[in-house]
Amino acid sequence: MLKAIKRIYMSVVFLFLYAPIIVLIVFSFNKSKSRGQWGGFTLDWYIDLFKDRQIREALYFTILIAVISTVVSTIVGTIAALGISNMSKLGRTIVLNINNLPVLNPDIVTGVALMTLFISLRIELGFVTMLISHIVFSIPYVILAVLPKIRQMNKHTAEAALDLGATPAYAMRKVIIPEIMPGIISGALIAFTLSIDDFVISFFTAGTSATNLSILIYSMAKRGVKPTINALSTLMFVVVLVLMIIINKKKDKGEDIII
Amino acid sequence: MQRRGRGRIAYPYTVWMVIFIVVPLFLILFYSFTEGDIHNLKDLRFSLNGYKKVLEPIYLKVIGNSFVLAGISTFICLIIGYPVAMMIANTDAKYRNLLLTLFIVPIWMNFLLRTYAWMSLLSPNGLVNRVLLWLGLPKLEIMPGKGAVLLGMVYNFLPFMILPIYTVLSKIDKHVIEAAHDLGGNNVITFMRIILPLSVPGIVSGITMVFLPAVSTFVISGLLGGGKAPLIGDLIEQQFLSSRDWHFGSSLSIILMVMILISMAVMSRIDKSEAEEERRKI
Amino acid sequence: MSKTLIELRNLTKRYNDMTAVDGINLTIRENEFVTLLGPSGCGKTTTLRMIGGFEDPDEGEILFEGKLLNNVPAYKRNVNTVFQRYALFTHMNVYENVAFGLRVKKVPNSEIDRRVKKMLKMVDLEGFEKRNVDSLSGGQQQRVAIARALVNEPKVLLLDEPLGALDLKLRKEMQIELLDMQRSLGITFIYVTHDQEEALTMSDTVVVMNKGVIQQVGTPEDIYNEPINRFVAGFIGESNIIEGVMLEDYKVSFDGMVFDCVDKGFAPNEPVDIVIRPEDIRIVVDPEEGMIKGRVTSVVFKGVHYEMIIESDTREYLVQRTKMFPEGSIVGMNVQPADIQVMKRGSTPCSEEEEEE
């Protein structure tokens, strides 16, 4: 009896979470543009999606910025984390508190603040400013992911390497980096996800010349529903689902991926 | 390897941080306390007009609305999400991860698309209304409006409440729960006196992860509110992009930041004092 | 003879394909210190948990004072448990942890205060009332767990390897304290451990288990001196286990010789297992004076005694004596008939066994 109630409750919540997405998916195949009526099966919207230059452009920018910002922020963040872990307590506290500001601050404040900076410096808003902004908000997350791993690391491992004759650079490459790698990967994944999904900060720092997927969807949504968005949603959902399945399979196999 | 000198490799990032994190915030702070043409430095003079404007009734109402809506949606997320977290934590280890993933997957979907999905569903000719019509029930006119924004908030942030609560619950040693039963506590007593207090850190975490983004959003209110439920976020966006009153926008941003910092301080106080209280009980 | 408190009848518990507890029968009395002893996986903890109400049996009954306990939930049973890792309530202080069971029963505050303070005194934690349980050492946490259970005045206390996480010296101290507690309180303790020395030290009755089946039930002396099968002999203390043949009552043959012994009741020429404890083998300098001749191949000083391995024609014997015989020396070995324990071949378990000797 109790079990039945549990099952029903979970199913209701589950449905609540997935219903809108499922509706989008179903309607992406809907011939009729209407939001409520079924007009027949079609793949037209998917074809339109691929033809739409705006969407292709936005997708390109989105992925390009995500990749670049992830690479840069992971490298800079890891180096910074290594440096921070060696700082005095006071230095560390100050640096980490400032570092955490983009994490704690609402997106809109960070976005507006960066926009203000760029405009005050008379830098034109566009691809570069958007890229810089993504790096700004990604690095703190990388640091937050790598730092605990550095702390957890056995202090004596590096000393043991030196004791056995390794140069500091060699010890870094072959001993330290591999040991903190889970944190680095974790940080990189977070940075990538945040960048792909970002809307607010990009919105304020992209200006008129640059765009990304989220900005495009926002403007499309504001102007009125375009069924191509449904097709886009479906594709994105499938990609996310597949990624999730792959990651979970890896988890089951015992590979250390921290979500 | 642990010598002080090596801290130096973090210095470049420190410089970056000052330029891109500290300076922008100072600019906002600066603008909030001044007035005049922002592009003409000589024109700027000290003024509290930005803050005074915030105190105007219409704007206070907007701020109030933000807190109320964010508060209600956080509460709803807690009420709905806690039982879900508990049920997942009580599932067999075999299926637990899968179940958790299923409830978390939605947050990996693009935030805008999820909000847009509700636009579609709740619009006057949308699916929800068509179903209601078919059932002979009255039309739901909440979109655009406060109700839709509330729904949008709950929908977007529910998984963020479930995850931290689940994490804390799953870490409770099952022997502790058995000990409570062993000492005579039935399921209700065990929940109220053992499980609930031990899950407080998760609850606090969840509240933080829902309330803060909820109170500062402008996407949800922009798309689902249609101007009927402007929130702080919408207001700030307006000032910086349409109205061009950066001073007022900066004042609003500072106020938002301060309110959020206060909320977070309160949250961490609650977390600590709950534990202290239990300890001091005689 | 004291009253029967708990009866386990044909108790069985299965997990997937594995049978953890296989149809065991056991009687536990009032004021008894019973220890369930065996290697990990033998079913002792599962049995304990079924008595406590944390696992449901698949078959069989648990009777408490004659009444069926099977469907009674854990929170209604008049037993209390001390868990292996204490399972203290970390969000409460020491006082509240101990008082929990009393508060649930809505005992008036003044009485709670009296009983909690009395219990804290008994476990030597007076003054610790307001302490945070996280700040206590392992031994102190253990005592809080014990106090928390005993304050409810249960008829039976279940202890699931409670001393496992303590260091050796502390463990030995706690063993004596627990024994004193049981004696002064006069209640039944059901204790689970894999440490045979611990079991022999503390118990009135030892129940040896293996693979879900009870091997032997008896006093520590019985279990040690007269193990009924190879498993019990091997698990308790050190032993020399030898295959032989029981020729007739009081006469057993092994290693090519015939020995007098004190066992009977076997079929003529029945194959048997024989166990001789290392401390029961006497060494004589002149090999001819010994029943078995052998050469010393290893000598290790263990403090309490020397442990030597003596090789005869047929096997190695483990011998413990306080007098040392150097490596390489040829010696003779003797053993008294009473020290030759004959057991049925194989580890066939016994079902309900009461040692009434």
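Predicted model: local features only at pLDDT ≥ 70, side-chain atom pairs only at ≥ 80, totals over all residues.
Let me start where chain B meets chain C, at an interface across which the rule finds 4 residue pairs in polar contact, with both residues of each pair at pLDDT 80 or more. On the side of chain B that touches chain C, the elements that give two or more residues are α8, α9 (187-216) and α12 (246-280) of chain B, and of these it is α8(B) that gives the most, with 8 residues. Sorted by class, the residues on that side of chain B divide into 9 nonpolar, 6 polar and 8 charged.

For chain B the mean pLDDT is 84, and 92% of its residues reach 70 or more. Within chain B, confidence is highest in helix α8 (residues 174-182), at 94, and lowest in helix α6 (residues 127-135), at a mean of 77.

Staying with chains B and C for a moment, 23 residues of chain B are in contact with 27 residues of chain C, and the area buried between these two chains is about 2,300 Å², of which carbon and sulfur atoms give 62%. How many salt bridges does the rule find across the interface of chain B and chain C? It finds 1, and the partners are Arg49(C) and Glu178(B), whose closest N and O atoms are 2.7 Å apart. In general, side chains of opposite charge can pair when their charged atoms come close.

The area buried between chain B and chain A is about 7,300 Å², with carbon and sulfur atoms giving 78% of it. Across this interface the rule finds 0 salt bridges, although it does find 8 residue pairs in polar contact, both residues being at pLDDT 80 or more.

Is Thr74(B) buried or exposed? Thr74(B) counts as buried, because its relative accessibility is 6%, which is under the 20% cut-off. A polar atom of the side chain of Thr74(B) lies 2.6 Å from the backbone oxygen of Ala70(B), and, not counting residues up to four places away in sequence, Thr74(B) touches Met161(B), Ile207(B), Val210(B) and Phe211(B).

That brings me to chain C itself, which has 8 helices and 20 strands, and whose C-alpha atoms fill a box of roughly 80 × 45 × 40 Å along the principal axes. Of its 357 residues, 53% count as buried, and among contacts in chain C between residues at least 6 apart in sequence, 66% join residues at least 24 apart.

One pair that links distant parts of this chain is Glu270(C) and Lys344(C), which form a salt bridge with their closest N and O atoms 3.3 Å apart; Glu270(C) is in strand β14 (residues 270-276) and Lys344(C) in strand β20 (residues 341-344), 74 residues apart. Glu270(C) is buried, with a relative accessible area of 18%, whereas Lys344(C), at 43%, is partly exposed. Another salt bridge in chain C joins Glu288(C) to Lys293(C), at 3.9 Å between the closest N and O atoms, and here Glu288(C) counts as exposed at 60% relative accessibility, while Lys293(C) counts as partly exposed at 43%. There is also a network of salt bridges that links Glu111(C), Arg114(C), Arg115(C) and Glu153(C), and over all chains the structure holds 24 salt bridges.

Let me finish with Pro326(C), whose place is in the loop between β18 (316-321) and β19 (330-334) of chain C. Pro326(C) counts as partly exposed, at 45% relative accessibility, and, leaving aside neighbours within four places in sequence, Pro326(C) is in contact with Val296(C) and Val299(C). Although Pro326(C) and Val296(C) are 30 residues apart along the chain, their C-alpha atoms are separated by 6.9 Å.

Methods: Residues numbered from 1 in each chain as written. Chains lettered and ligands numbered in written order. Heavy atoms only, no water. Buried area = accessible area lost by both parts, 1.4 Å probe. Salt bridge = Lys/Arg side-chain N within 4 Å of Asp/Glu carboxyl O. Polar contact = N/O pair within 3.5 Å; in protein donor to acceptor, adjacent residues only side chain to side chain. pLDDT = per-residue confidence, 0-100. Helix = DSSP H or I, 4+ residues; strand = E, 2+ residues; numbered from the N terminus. Buried < 20%, exposed > 50% of the residue type's maximum accessible area, 1.4 Å probe, protein only. Contact = heavy atoms within 4.5 Å. Nonpolar A, V, L, I, M, F, W, Y, C, P; charged D, E, K, R; others polar.
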